[in-house]
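Here is a friendly walk through some side chains, one topic at a time. Keep the viewer open as you read.

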Amino acid sequence: MQKSQEELINELATVMERFLAQSGELELAYKALELQTEELKKMQEEVQQSRVLSALGEMAATVAHEIRNPLSGIGGYAGLLARSIPPEDPKRKYVDKIIGGISSLNKIVSNLLVYTRKTNLQKQETDLVAWADAILAHAEIEIEKEKKNVQIERNFPAEPLSAKIDSERLQQVMLNLLINGIQAIETEGKISVSISLNNGIAEITVADTGCGIEPEYLKNIFTPFFTTKEQGTGLGLAIAKKIVDLHDGEISVESTPGKGTAFCIKLQKEHRRLPE
Ligand SMILES: Nc1ncnc2c1ncn2[C@@H]1O[C@H](COP(=O)(O)OP(=O)(O)O)[C@@H](O)[C@H]1O
Ligand SMILES: [Mg+2]
């Protein structure tokens, strides 16, 4: 029996509908595939980068070790020399310069070792508010040293907020961020430190009103040895990222040139085991 025109139209409509549904699915599948390819490419790049970094790290660690011993010898003798020259002697300022240089070399070497050494965290439940308060006291000393007019604003919760962290290592991270903030401020400005809890994630933000970071530099700032400073080591943020990664946390940055920069660290308050 011949199908009526209406039946034919209905059938056609059903086929069309199915076709459209399938093409939508196909489009979704294609998009997912595209995303996966992109992710794979990113992973490949990361693997390549971590290979380069680990070779570089090994070399840096060896060099740092080799430098450390003679450096401490030089430091010891320079100290003896300084003690034997009275402060009013004009020669004394040369010795003081040598001592200053040795101390910055020491800082570079120990930063290198921190960056390259395999690190095991010593995590403990810590009240982030009290912990951050103590760190800010250090930062205030740094501000005085730099002779800048920098206000520190605390946006802390009224209640204690605890998280399981390696407080010493994360203190180093905070100090690196705070010191960068202080250095980014030319003469006067503000650094706001905020701590909050959002959906079980503890967030620590350090925001400054400093010079900001040019967009083309943003992707490089966590790379070891990237620095725009004459006296910089380029290791502060690389160390920060490494330590936050070890905490299974995240560190991110937002910056506007001429306005300021904000770094945000996100830490899981508790580690929940994923259901099997
Ligand atoms: N708060 C900030 N404001 C502006 N620039 C910053 C800030 N923090 C980091 N940077 C940029 O990132 C670079 C890398 O920082 P870091 O790893 O701490 O190394 P360093 O401080 O030794 O240069 C800096 O040289 C600077 O260009
Ligand atoms: Mg730094």
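The report below covers aromatic rings, cysteines and one threonine.

## About the model

This is a predicted model, in which local features need pLDDT of at least 70 and side-chain atom pairs count only at pLDDT 80 or more, while totals for chains, interfaces and linings use all residues. Residues are numbered from 1 along each chain as its sequence is written, chains are lettered from A and ligands numbered from 1 in the order in which they are written, and side-chain values use heavy atoms, with hydrogens and water left out.

## Aromatic rings

A pair of aromatic rings is described by the distance of the centres and the angle of the planes. Rings of Phe, Tyr and Trp (its six-membered ring) pair if their centres lie within 6.5 Å; planes under 30 degrees apart count as stacked, over 60 as edge-to-face and the rest as tilted. The structure has 2 such pairs. In one of them, Y217 and F226 are tilted, at 5.6 Å centre to centre with 55° between the planes. Y217 is partly exposed at 34% relative accessible area, and F226 is partly exposed at 23% (buried means under 20%, exposed over 50%, partly exposed in between, with a 1.4 Å probe and protein chains only).

F222 and F263 also pair: their ring centres are 6.3 Å apart and their planes stand at 90°, so this pair is edge-to-face. F222 sits in the loop between α5 (215-218) and α6 (236-246), and F263 in strand β7 (residues 260-268), so the pair ties together parts 41 residues apart in sequence. Helices (H or I, at least four residues) and strands (E, at least two) are DSSP runs, numbered from the N terminus. Both F222 and F263 are buried.

## Cysteines

How many disulfides does the structure hold? There are 0 disulfides, a disulfide being a pair of cysteine sulfur atoms within 2.5 Å. The sulfur of C264 lies 20 Å from the closest cysteine sulfur, in C211, which is too far for a bond. C211 is partly exposed at 46% relative accessibility, whereas C264 is buried at 14%.

## T261 and its surroundings

T261 is in strand β7 and is buried, at 6% relative accessibility. Its side chain makes a polar contact of 2.9 Å with that of S255 (a pair of N or O atoms within 3.5 Å; within protein, one must be able to donate a hydrogen and the other to accept it, and residues adjacent in sequence count only if both atoms are side-chain atoms).

Leaving aside neighbours within four places in sequence, T261 is in contact (heavy atoms within 4.5 Å) with residues including V206, D208, I213 and V253.
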